[in-house]
Amino acid sequence: MAYVTRLEKVRSDIADLAIAREQVETQIGALAEVQLKLRAQQAKAAEMGRPDLAELAAGRVRSADEQMSELTERQGALREQIRKLAETAQRLEARIPKRR
């Protein structure tokens with residue numbers, strides 16, 4: 001019975017991590033749109049001969065790039081945690097006697 005309880009906990013943890021991964025993926029998508037807009041602002045400011053605005057936009061682009069890197073790392077970490085828990089779930093399932 002202990003294996004069943006542990007398996008239920010592992011499955012719950014996998015579901016929680018999957019939700020967190022989906023949220024991170026949503027944030028990545030939104031941030032990608034922001035990055036495009038910021039790069040367009042930077043280019044437009046440069047075209048207008050406004051190096052002050054171009055530099056401001058460049059700073060925002062760098063900040064968005066850093067955020068994207070952090071989110072991408074988090075996404076990878078979540079995927080790895082899910083993978084490990086899925087393996088744990090398989091091992092637990094193998095230990096639970098099959099009922100006939």
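**View 1. Leu56 is located in helix α2.** Helices here are DSSP runs of H or I with at least four residues, strands are runs of E with at least two, and both are numbered from the N terminus. The structure is a predicted model, in which local features need pLDDT of at least 70 and side-chain atom pairs count only at pLDDT 80 or more, while totals for chains, interfaces and linings use all residues. Residues are numbered from 1 along each chain as its sequence is written, and side-chain values use heavy atoms, with hydrogens and water left out. Leu56 counts as partly exposed because its relative accessibility is 45%, where buried means under 20% relative accessible area, exposed over 50%, and partly exposed in between, for a 1.4 Å probe and protein chains only.

**View 2. The protein chain contains two helices and zero strands.** Its radius of gyration is 22 Å, well over the 13 Å that the globule rule gives for 100 residues, so the chain is more spread out than a compact globule. This radius is taken over C-alpha atoms, and the rule is 2.2 Å times the number of residues to the power 0.38. Along the principal axes, the C-alpha atoms fill a box of roughly 75 × 15 × 15 Å. Of the 100 residues, 27% count as buried. Among contacts with a separation of 6 or more, 79% join residues 24 or more positions apart; a contact means heavy atoms within 4.5 Å.

**View 3. The largest nonpolar core of the model has 20 residues, and Val10 and Ile14 have the most contacts inside it.** Helices α1 and α2 (51-95) each supply at least two residues of this core. The greatest contribution comes from α1, with 10 residues. Such a core is a set of buried Ala, Val, Leu, Ile, Met, Phe, Trp, Tyr and Cys residues joined through side-chain atoms within 4.5 Å. In soluble globular proteins, nonpolar side chains tend to be buried together. Apart from residues up to four places away in sequence, Val10 touches Leu85, Thr88, Ala89 and Leu92.

**View 4. Gln35 belongs to helix α1, which covers residues 2-47.** Gln35 counts as buried because its relative accessibility is 11%. Beyond its neighbours within four places in sequence, Gln35 is in contact with Ala64, Asp65 and Met68.

**View 5. Gln41 also has its place in helix α1.** With a relative accessible area of 43%, Gln41 is partly exposed. A distance of 21 Å separates the C-alpha atoms of Gln41 and Gln27, which are 14 residues apart along the chain.

**View 6. Gln90 is part of helix α2.** Its relative accessibility is 55%, and Gln90 therefore counts as exposed. The C-alpha atoms of Gln90 and Asp16 stand 18 Å apart, for residues 74 apart along the chain.

**View 7. The protein chain carries 19 positive and 16 negative side chains.** Lys and Arg count as positive and Asp and Glu as negative, whereas His and the chain ends are not counted. The centres of the two sets lie 8 Å apart, each charge being placed at NZ of Lys, CZ of Arg, CG of Asp or CD of Glu.
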